[in-house]
Amino acid sequence: MDQTTVQVFSVLFVMATVVLLYTARFFERRRRQRAQRQMAALERLPAWTSQSIESSRPLHLSLGASAVGGEDTPSALAGAEFFYHLIQSGAAGDQAPTISTSSPTSVPLAQDTARRAWEGDSLLSARWYPPGLAFAGGLSAAMAEDEAAAQILAGKLGPELALILDGADRGGSLAVSDQLEGQAVAFAMADETLIGEELYAAAGYVSDEASASRVAVVIDVWRGLLIIGLTLALLLAYAGILPWLSWQLLLAAVVAATVLGLILARRS
Amino acid sequence: MSEDFNWLEEARHDEPQTPVAESGRRRLFSRLPRISLRPRRPGLPALPPLPRLFRRQRDEAPSSASQLISEREERPLEELDERLRDLRQRSLQGSEPPADQPLYNVDEVLVSPEALNPGGGLIGAVALSKAQEEQVELLRDIVDGATPGPSPGGASPGRGSPVALTTATRLVAAVFVLLLASLPFVSSDFDFFPLPPADFEARRGDARSLYNALDNLRPDDRLLLALEYGATAAGELDPLADLALRHIFAQGAQPLIVSSNPIAIARAENIIREINRSVMRANLVVEAGAHYHILRYLPGGALGLRELSENFAAVARYSSSGAETGLDIASLADLQYIVLLAESAETIRFWAEQVVPESAETPLLAITSYAAEPLAQAYAESLPQIAGLLHGYRDAFSYGEMLKSAYGMAPPIPLTPTLEPAPNTTATPLPASSTPDPTATPAPITPTLDWTPTLIHITVQPTATATPDLQRLSTAPPGERATPSREDLDDPANQPGEQAVAVATVMAQPTSAPAATIAASDTPGPTATVASIRVVEVISPQQVRIRRGPTTADDILRLAQAGDRFEVVGANGDGSWHQIALEPGLNGWIAQFLVEELVMTEAEFRSGSASLPAERAVLLREYDWSLGKTGPRYYQAQPPSPADLHEFAQLRDRHQEGPRLQAMSLGALAAALVIVLGNLVHGVGALLRRRGASAR
Amino acid sequence: MRRMPSLGSAISSLVAFAVGMTTLLSLLLGDNPELFGEQPGREILAERIAAPGDVMLRLATLMVALSIVLGVANLLHVHVLRLRRHSLTSAVLLASFAFTLYWHVAQGDATLLEAVLVPIESALAALLCLSLVHGASRVLQKRADIWGALFVLVVIIVLLGSLGLAELAPVQTMRDWLMAVPVSAGARAILLGIALGVIVAGLRALLGQDRAYRG
């Protein structure tokens with residue numbers, strides 16, 4: 001594909017996503033119910049939140065190294081949104097939750113999330129530690145001291161996640177990372193794990209707010225289309241048709257995909 | 001009291017109500033579908049408010065609900081009001097409520113904590129709906145934190161608790177892994193594993209491309225060396241960074257080191273300090289500003305890299321210490337290569353897509369960790385910007401071996417005369433103004449060596465065995481600058497302005513050894529000293545071990561390949577072992593049947609070793625094959641004392657590449673064993689629990 | 001009933017939307033004169049389209065560089081507050097901070113960084129290895145299902161396959177295949193999913209629908 005085709009395709013893809021984001025909202029409003037899968041990993045969250053309230057131990061949430069102002073800005077925003085709903089649900093406890101980050105640009109985001117959701121004295125909520133293993137070390141020490149009820153880590157986390165989770169034995173832990181290494185560690189060591197794009201959809205599953213859940217719907221739709229697209233491309237490649245694929249064909253594919261997505265969103 | 005009673009809501013009636021608690025509480029139960037604690041059956045009488053016991057403030061409260069409950073006995077009864085005392089009495093009297101009474105019909109009785117515990121009692125006796133059972137489970141989770149098994153938390157770390165058990169197993173696993181991994185350092189009997197090949201395998205074209213690219217650098221070429229890794233990958237990538245830097249320095253090229261990780265910059269400084277320390281004996285030093293630059297730290301992750309890509313001139317203006325570099329570089333396109341050492345494959349992809357396209361003429365040479373290999377390989381195949389790839393400690397070994405065979409084993413460079421008196425030493429001073437007088441005590445540090453005007457050729461033609469068949473850089477983009485071949489570099493005609501300077505070094509030997517002198521020079525009249533020496537050449541097709549003593553029980557000092565030559569300095573009683581010189585002050589033993597004995601002149605012996613200018617080849621020969629780059633750093637600000645050098649030499653003896661690689665393999669084996677055993681126990685335990693549950 | 005947005009949040013959403021979409025389109029469509037066919041002055045047009053995106057990114061770079069001050073301020077603030085709760089770790093942290101600052105001002109070098117942080121990080125990395133081994137030995141405790149078992153099996157194969165023993169040649173072949181095919185494919189699938197999530201969550205922010213804009 002030449003540069004022009006890539007650009008045209010990118011714009012079309014973005015526009016289709018925008019359309020889906022708005023239309024998913026329409027379906028949400030009309031049907032008042034979410035078209036979502038079950039996420040077993042999230043089912044223990046209410047118990048942890050309750051535990052935090054009952055035992056007066058704070059929840060610990062972490063954005064990892066997700067930074068506002070980099071390619072992982074969406075991870076930071078999605079993590080913050082997820083945490084917002086979690087904190088809200090645990091707002092009856094007397095311990096402010098902590099949101100840690102190793103990116104200084106995410107400090108305001110963490111502070112803002114805690115302030116909005118907690119509405120109490122959240123001065124200690126946002127915490128920054130230097131990146132890398134220093135983050136894991138500093139965080140483990142602070143969490144042991146605070147006796148966190150549960151650790152929920154969602155963002156850019158690498159292998160240092162192992163140190164944090166190893167120290168999280170006394171509480172529950174849920175981890176998801178946009179890094180492959182972190183994801184593998186999360187699977188091995190966390191009590192619960194989300195995988196890949198579930199990081200971005202998680203907020204939609206823990207809240208009944210339409211704006212959060214439609215992100216989950218749109219991701220599901222695109223994922224379904226991606227699977228279909230990949231399978232088709234594979235078949236086309238085997239049949240020897242793929243070399244003819246031009247940007248006009250891609251345009252047609254995107255339009256078809258959007259239509260399919262709309263139908264899927266309505267049915268689901 | 002409302003029929004739709006909320007337990008927690010009621011519990012807080014006598015607390016000062018804040019808007020925060022109010023709003024939060026309401027939100028809690030509207031958003032958590034599974035933990036609504038409201039009774040589902042209408043018309044039931046409500047429970048009384050929770051006692052103050054459950055409402056302590058954080059600063060005076062124990063850390064968990066289970067601890068809170070366990071301490072209830074300490075609370076004097078007289079503190080309770082009459083109604084609660086009555087309730088308590090009644091609950092103690094009848095641990096078994098009437099069988100037909102459901103949970104919410106406990107009519108003003110506060111459920112005692114014992115009753116909430118599993119194994120009969122109140123909960124076992126009542127008939128609950130599924131939803132109620134879930135609520136009870138939740139309450140158990142909250143209240144009964146000390147229940148064994150993976151509860152959502154709250155287990156207090158007491159004796160026999162899961163946490164204590166976990167700590168014990170963690171300790172045992174750690175001790176086991178460390179013990180096994182340390183065995184190869186104790187004795188060579190634990191060397192079970194074959195070492196990686198001494199050359200990149202034939203299928204590793206990308207690794208060869210990287211090697212060739214660095215090998216064909218010209219003096220004064222500039223390249224970007226990006227260190228994008230943290231401590232987690234440093235064990236693997238520090239040795240690779242060390243080798244790459246030595247390789248680059250040896251060609252006389254100038255690396256511009258950059259990182260978006262401040263610790264990586266500190267690591268780079270350490271690595272260069274190590275290089276300087278290792279070549280100090282050759283009176284060499286690489287200096288910041290002259291031979292390399294460490295550029296300023298790049299903050300801001302992806303955005304910082306974008307700045308590097310689009311505005312490299314600004315990035316290159318300042319060094320990491322804030323000083324002006326004086327570099328006159330317009331963009332990344334002015335650089336010969338970008339060498340990227342990255343912890344993850346994604347970083348390589350990011351650099352290839354986001355940084356390199358701005359300077360598409362500059363190929364990216366990527367070096368990454370073993371774990372990132374599969375994806376990095378896929379990226380290297382699909383992204384045309386990536387012109388070479390190395391990964392992991394096995395490649396580090398092969399890379400080091402290739403450099404060793406290309407540039408020769410450690411030459412006999414003296415430590416200092418104060419350390420190694422060499423009574424039989426003869427030296428031939430050569431008419432070279434810049435050469436230190438070998439008979440005098442070398443100064444700890446000479447002024448910075450100026451590379452260009454003092455290029456030296458020790459050898460004229462490398463032998464076939466010592467020089468691997470280096471293929472040309474195959475993946476260079478079209479329209480690239482013509483890269484000179486090794487032969488071009490060796491040809492004095494291609495290096496105008498080069499002075500012929502010879503180096504004489506003195507070999508310190510035990511008295512039994514024949515005196516030896518190294519002398520080599522270039523074109524204007526070589527002045528080689530002719531002295532026959534006994535040399536052994538390794539003939540075994542396998543890697544052979546050079547040991548500390550003439551038995552197989554002695555420690556391994558080095559490994560050698562077929563074709564490697566060593567000078568003989570002695571033999572054992574029956575002649576079954578040769579004592580050979582490895583480096584000044586260090587002799588090793590090799591079994592006689594593994595080698596072939598030769599007699600040759602000193603010059604002939606040396607001719608098989610180096611093909612680079614001597615001063616720069618030293619950088620490669622003196623690579624410390626074993627130490628991670630966080631080794632001792634005696635030379636922070638002061639030049640080393642002879643004692644320091646001696647100590648370093650001792651350290652070099654102790655840590656050798658062989659044991660280190662053996663230790664890594666044994667560690668991996670131990671880890672595999674721990675993982676298998678641990679999971680076996682847990683898996684069987686889970687099966688038994690499941691079977692027990694289904695039987696009930 | 002839906003709450004009407006405040007004027008402040010409406011304005012912030014609008015600004016976010018305008019800046020976000022301008023930057024996005026500028027980056028997507030900029031620097032490609034071919035997009036405008038044979039139109040005269042197409043190079044200038046392409047450059048002009050690319051300009052706003054570049055300016056915004058440079059501004060962002062500047063802000064990001066300055067944000068390190070924010071991080072340090074937060075660190076100090078949090079730990080001074082925790083000091084009131086007699087937190088030992090906070091006391092150590094603040095004392096180290098003060099000492100490092102003094103050292104840097106007095107000595108003007110980064111010796112402490114190299115002499116303290118680098119070895120400590122290396123030690124933590126070693127600890128990380130043990131943590132990982134221990135964590136992997138408990139996979140079936142946390143996940144007693146087929147996926148947990150599969151995970152453990154792959155870990156064992158990869159570990160044994162990396163030993164290079166001749167006796168384990170079949171394991172090595174299996175390891176190579178695992179790494180090249182299923183692991184690589186799985187990693188790509190996860191990355192594709194993440195990319196989708198990034199696009200959708202990113203667009204949501206660019207459309208001004210993020211919580212931060214809602215006042």
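Guide: A residue counts as buried when 20 or more other C-beta atoms, placed from the backbone, lie within 10 Å of its own, as exposed at 12 or fewer, and as partly exposed in between. Helices (H or I, at least four residues) and strands (E, at least two) are DSSP runs, numbered from the N terminus. This is a predicted model, in which local features need pLDDT of at least 70 and side-chain atom pairs pLDDT 80 or more, while totals for chains, interfaces and linings use all residues. Residues are numbered from 1 along each chain as its sequence is written, and chains are lettered from A and ligands numbered from 1 in the order in which they are written.

Visitor: Which residues of helix 6 of chain C are buried?

Guide: They are Gly148(C), Val152(C), Val155(C), Val158(C), Leu159(C) and Gly161(C).

Visitor: How many helices and strands does chain C have?

Guide: Chain C has seven helices and zero strands, in the order α-α-α-α-α-α-α from the N terminus. Of its 215 residues, 31% are buried. Chain B has 21 helices and 15 strands, and 44% of its 696 residues are buried.

Visitor: How many residues of chain C are in contact with chain B?

Guide: On the chain C side 43 residues take part, against 41 residues of chain B. Helix 2 (42-83), helix 4 (111-136), helix 5 (139-142), helix 6 (146-161) and helix 7 (169-206) of chain C each give two or more residues to that side. Helix 4 of chain C has the largest share, with 15 residues. For classes, Ala, Val, Leu, Ile, Met, Phe, Trp, Tyr, Cys and Pro are nonpolar, Asp, Glu, Lys and Arg charged, and the others, Gly among them, polar. This side of chain C divides into 30 nonpolar, nine polar and four charged residues.

Visitor: Which helix of chain C gives the largest share of the side that touches chain A?

Guide: The contact between these chains takes 52 residues from chain C and 60 from chain A. Helix 7 of chain C gives the largest share of the chain C side, 15 residues. By class, that side has 32 nonpolar, 13 polar and seven charged residues.

Visitor: Which residues touch the most other members of the largest nonpolar core?

Guide: A nonpolar core joins buried Ala, Val, Leu, Ile, Met, Phe, Trp, Tyr and Cys residues through C-beta atoms within 7 Å. The largest has 210 residues, and Ile338(B), Leu340(B) and Ala366(B) touch the most other members. Helix 10 (residues 231-250) of chain B gives the most to this core, twelve residues. A second, separate core of 21 residues includes Val535(B), Ala560(B), Ala581(B) and Ile590(B).

Visitor: Where are the buried residues on strand 10 of chain B?

Guide: They lie on both faces of this strand (residues 544-547): Val544(B) and Ile546(B) on one side, Arg545(B) and Arg547(B) on the other. Pairing requires at least two DSSP bridges. Strand 10 of chain B runs antiparallel to strand 11 (residues 556-560) of chain B, joined by four bridges, and Arg547(B) has Ile556(B) as its bridge partner.

Terms used: Two residues are in contact if their C-beta atoms, placed from the backbone, lie within 7 Å.
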